[in-house]
Amino acid sequence: MKHALRHMLLRSLLLLTGALSTGACMEYGPQAEEAFDLRGRGLFITCEGNFMWDNASLSYYDPESRRLENTVFLRANGMKLGDVAQSMTLHDGKGYVVVNNSGVIYVIDPDTFRITGLIEEVVSPRQILFVDEQTAYISDLYDPRITVVDPRTNRIRSRIDMNGHRSTEQMVLSGDRVLVNCWSYDNKILAIDTRTERLVDSLTVGWQPNSLVLDRHGKLWTATDGRSGEAPALWRIDAATLEVERRFELPADRPPSRLTLDAANDRLYFIARDVWRMSTQDESLPAEPFLPYAGTLYYGLGIDPDTGEVYVADAIDYVQNGVVYRFTAEGQPVDTLRVGVIPGNFCFKRL
């Protein structure tokens with residue numbers, strides 16, 4: 001009952017906000033709900049929208065038919081997605097859309113895009129990681145704690161103190177530990193014991209680690225922004241011991257970001273103005289980019305786990321609707337998609 005009431009109130013508020021923001025052209029009454037039933041493989045694209053503009057959106061793309069559907073959350077539910085769509089994760093047949101500045105995670109049916117649940121009472125959620133069937137961790141930009149949720153009920157079970165470190169961002173599961181990077185104005189990788197739900201270890205890396213992935217060899221990779229006197233860099237770390245194995249420095253004007261692995265978890269992709277690709281066992285950075293810079297603002301990166309195709313999001317100017325470019329695994333262009341404002345993250349729906 002509480003969640004139903006929350007949904008009704010939130011929907012009313014968002015509809016009112018949307019009506020007020022349209023000025024002389026505003027339309028009164030609820031947005032019509034559209035029926036979708038898009039089964040099979042597909043790609044969700046979360047479009048952040050502008051901070052405080054309430055214009056986040058969710059797009060859906062069928063790579064086989066090349067059918068693109070924009071604003072599917074709004075169209076399916078008759079309400080706006082909210083403010084800053086940060087990420088999306090699929091788990092156990094459900095889609096979890098994390099809306100950062102709205103402080104909410106929507107649980108949706110990935111075929112119909114309809115809301116089936118809601119996780120709230122989080123401050124500024126960034127990512128959700130499923131530890132097991134009873135446990136999910138939610139990182140947070142402003143709360144110095146990881147929120148622990150039971151995905152069977154969508155209720156908060158506990159919170160894990162991060163010892164004052166805020167801006168927890170991406171998370172990976174390595175054995176009985178969850179590793180998480182502290183991004184905004186920080187320089188730490190933290191380790192949480194999932195059995196005790198306590199912070200048990202940490203590692204100091206470069207300034208503002210913005211990404212985190214775990215390869216097939218048990219190596220943790222992060223990318224740091226750098227700052228005055230410190231070059232931006234890629235870091236390869238032994239996940240079991242948190243010992244740094246290799247640091248790859250990059251030019252000051254090309255900090256790496258958006259670390260992404262292929263399906264085999266042995267080839268690393270990242271953005272550093274261009275799009276780069278390297279083996280996780282390489283001992284030096286590649287000499288030439290995989291996809292050269294072409295006057296665009298590469299902002300998001302995703303690798304299709306079934307085909308190896310590469311999707312690159314272009315935020316353009318952070319104001320107009322962005323673009324997603326689809327390439328083959330060899331880097332040949334396939335398709336261009338016009339989506340919402342600031343496309344940032346990709347979530348692949350598999351058979």
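Which residues does Leu58 touch, not counting residues up to four places away in sequence? Leu58 touches Phe44, Ile45, Thr46, Glu69, Asn70, Thr71, Val72, Phe73, Leu81, Met88, Val97 and Ile108. Contact here means heavy atoms within 4.5 Å.

## Basis of the model

This is a predicted model: local features need pLDDT of at least 70, side-chain atom pairs count only at pLDDT 80 or more, and totals for chains, interfaces and linings use all residues. Residues are numbered from 1 along each chain as its sequence is written, and side-chain values use heavy atoms, with hydrogens and water left out.

## The chain as a whole

The chain has two helices and 27 strands. Both kinds of element are DSSP runs, numbered from the N terminus: helices are H or I with at least four residues, strands are E with at least two. The radius of gyration is 20 Å, close to the 20 Å that the globule rule gives for 351 residues, so the chain is as compact as a globular protein of that length. That radius is taken over C-alpha atoms, and the rule is 2.2 Å times the number of residues to the power 0.38.

The C-alpha atoms fill a box of roughly 60 × 50 × 40 Å, taken along the principal axes. The accessible surface comes to about 15,600 Å². Carbon and sulfur atoms hold 49% of that surface. Areas come from the Shrake-Rupley method with a 1.4 Å probe; for residues, only the protein chains shown count as cover. Buried residues make up 54% of the 351. Buried means under 20% relative accessible area, exposed over 50%, and partly exposed in between (1.4 Å probe, protein chains only). Among contacts between residues at least 6 apart in sequence, 44% join residues at least 24 apart.

## Two nonpolar cores

A nonpolar core is a set of buried Ala, Val, Leu, Ile, Met, Phe, Trp, Tyr and Cys residues joined through side-chain atoms within 4.5 Å. The largest has 21 residues. Leu58, Leu81, Tyr106 and Phe113 touch the most other members. The elements giving two or more residues to this core are strand S2 (57-62), helix H2 (72-77), strand S4 (85-91), strand S5 (94-99) and strand S6 (104-108).

## A three-stranded sheet

Three strands form an open sheet in the order S20-S21-S22, with antiparallel pairing. Strand S20 (257-261) and strand S22 (274-279) are the edges, each pairing on one side only. The twist averages 20° from one strand to the next. Two strands pair if DSSP finds at least two bridges between them. Six bridges join strand S21 (residues 267-272) to S22. Tyr269 stands opposite Arg277 in S22.

Leu268 also sits in strand S21. It is buried, with a relative accessible area of 0%. Leaving aside neighbours within four places in sequence, Leu268 contacts Val213, Trp221, Leu234, Leu259, Thr260, Leu261, Trp276, Arg277, Met278 and Thr280. Its C-alpha atom is separated by 36 Å from that of Arg75, 193 residues apart along the chain.

## Two further residues

Gln127 belongs to strand S8 (residues 125-132). Gln127 is buried, with a relative accessible area of 13%. Not counting residues up to four places away in sequence, Gln127 touches Ser87, Val98, Tyr137, Ile138, Ser139, Glu169, Gln170 and Met171.

Arg155 lies in strand S11 (residues 155-161). Arg155 is partly exposed, with a relative accessible area of 47%. The C-alpha atoms of Arg155 and Glu120 are separated by 8.3 Å, and these residues are 35 apart along the chain.

Notes
Axes are lines fitted to C-alpha atoms, for helices over the stretch in contact, and angles run from 0 to 180 degrees between N-to-C directions.
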